[in-house]
Amino acid sequence: MRITRIAAVTAGVLAASLTLAGCGGGGAAEGSSEQPGSDEPITVVVLGGIGAEGVLADNATTSVTAAKASVDAINADGGILGREVQIEVVDDTADPTVAVTKLRELLASEKPVAVMNSGPSTVAEATIPILGQNQILSFNIGPTATSGDPSVNPLNFDLSASVPDYIGSFVHEIEQRGYAKVAILHGSSAYGELFGKQSKDAYTEAGIEVTGMQGFDNAALDMTAQLEALKETNPEALVLDAYGAPLGYVLQSLEKLGWDIPVLGNTSVAATQLIATEPPSGVLGTDQVKNLTMQVYTSTKHDPSDDKVNAAVETMMAAGDIRSSLILAYNYDSMFLLKAAAESAGSLEAEALAEALVDPEVQKSAGTVILSRYGFTAESHTPHVTPEDFLFIPPGKLVNGQYQ
């Protein structure tokens, strides 16, 4: 049975929570599900901006649904160490301040075994240090510059592939298409800045000329100036990072400028519902996306012969709404990883779980679906995947989280 509890915040509890959570570290809090020998349910938490607006709410809903489905699948398989898993959903509205406030409130009264972040990266940046201070294992789908670095965040594991892996897929695709010169446009999020910088370095190293790179403020409503500057550098293709509403403004600005150039969008582009929705609420089938292809995982493209992915989709559909692509469903793999680590370590203690998760045999035995293997190492708590794990596809309709 899945038990879902929505965490609520009151001003009176907040004052106490700030004091208690500040203690951090140490043993399990009262009511913790990690007490030795306990047969009580194991508690895990998923943070998600289900109360946000637009694409953020859609993506968070899919992430939370994936987390619930992961718990359902694990409970159907006997739970973890013979114990049922229960999940609590905390609506952080995709706001870092709200996320920190609600997380501190939660930690004042209990200590979950694991916390799943649903992004965006700004929320991850704000919450992962708090979880580490309180000795709680975390899974994160919104990578930051340090979230996958065990020297900084030893108890966090990014489920979204590492930026170098994403970029390696771009290098492979650009070379396959025969482009010699590209330009880069990226947003101002932590991920966007990192993607831009590392893309430039990787392309240059691969012998691909970067004719120009421009960033845009995610609050901007027009990117024509940045695009015009890039157009003057005469690239053969445009590499694009844009997520949510900013993607719409980029596409409008490209149309306004009349720039007819191939556009290769990253997974942030593929995770934006706008490109999978027909007018008037979206741009699918319009001239704005005629030159766009976007990066997705192979699991995000429907394959009727992929029984594991199709079974996961059915479990997610039973657990809740899938309102965006499976690129947001990494949390489906989280409990599979937790179960494999706990069974290997014989423990739910955070450091033991973290040590087990870097074992290749544990990763293999987890039987994950969204990514078949995560490739965590002692030096890097980010997945390590190959270009073969990705596809570049044109925008299309989404059905149950998969592009058709």
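Analyst: Arg 177 and Glu 173 form a salt bridge, with their closest N and O atoms 3.0 Å apart; the term means a side-chain nitrogen of Lys or Arg within 4 Å of a carboxyl oxygen of Asp or Glu. This is a predicted model, in which local features need pLDDT of at least 70 and side-chain atom pairs count only at pLDDT 80 or more, whereas totals for chains, interfaces and linings use all residues. Residues are numbered from 1 along each chain as its sequence is written, and side-chain values use heavy atoms, with hydrogens and water left out.

User: Where do Arg 177 and Glu 173 lie?

Analyst: Both are in helix H5, four residues apart, which is about one turn of the helix. Helices (H or I, at least four residues) and strands (E, at least two) are DSSP runs numbered from the N terminus.

User: How many salt bridges does the structure hold?

Analyst: The structure holds six. One of them joins Asp 58 to Arg 323, where the closest N and O atoms are 2.7 Å apart. That pair links distant parts of the chain, since Asp 58 sits in helix H2 (residues 54–76) and Arg 323 in the loop between helix H10 (307–319) and helix H11 (334–345), 265 residues apart. Asp 58 is buried, with a relative accessible area of 16%, whereas Arg 323 is partly exposed at 34%.

User: And what does Glu 278 pair with?

Analyst: Glu 278 forms a salt bridge with Lys 397, and the closest N and O atoms of that pair are 3.9 Å apart. Glu 278 is in the loop between helix H9 (267–270) and strand E11 (292–297), and Lys 397 is in the loop between strand E12 (390–393) and strand E13 (398–399), so the bridge ties together parts 119 residues apart in sequence. Glu 278 is partly exposed at 44%, and Lys 397 is partly exposed at 48%.

User: Switching to packing: at what angle do H5 and H6 cross?

Analyst: The axes of H5 (residues 163–177) and H6 (residues 190–205) cross at roughly 45 degrees and come within 10 Å. That makes H5 oblique to H6. Axes are lines fitted to C-alpha atoms, for helices over the stretch in contact, with angles running from 0 to 180 degrees between N-to-C directions; under 35 degrees counts as roughly parallel, over 145 as roughly antiparallel, 65 to 115 as roughly perpendicular, and the rest as oblique.

User: Which residues of H5 and H6 meet?

Analyst: Among those on the H5 side are Tyr 166, Ile 167, Phe 170 and Ile 174, and H6 brings, among others, Leu 194, Phe 195, Gln 198 and Ser 199; contact means heavy atoms within 4.5 Å.

User: How does H2 pack on H10?

Analyst: Their axes are 8 Å apart and meet at an angle of about 110 degrees. That makes H2 roughly perpendicular to H10. The contact is made by Thr 65, Ala 66, Lys 68, Ala 69 and Asp 72 of H2 with Thr 315, Met 316 and Ala 319 of H10.

User: Now the backbone. Which peptide bonds are cis?

Analyst: A cis bond joins Gly 119 and Pro 120, with omega about 0 degrees, and Pro 120 lies in the loop between strand E4 (114–117) and H4. The bond from Pro 279 to Pro 280 is also cis, with omega near 10 degrees, and Pro 280 belongs to the loop between H9 and E11.

User: What about the phi of Gln 135?

Analyst: Gln 135 has phi near 55 degrees, a positive value in a residue other than glycine. Most residues other than glycine have a negative phi, and most peptide bonds are trans. Gln 135 lies in the loop between H4 and strand E5 (137–140) and is partly exposed at 23%. Asn 400 likewise has a positive phi near 55 degrees; its place is in the loop between E13 and strand E14 (402–403), and with a relative accessible area of 34% Asn 400 is partly exposed.

Terms used. Buried < 20%, exposed > 50% of the residue type's maximum accessible area, 1.4 Å probe, protein only.
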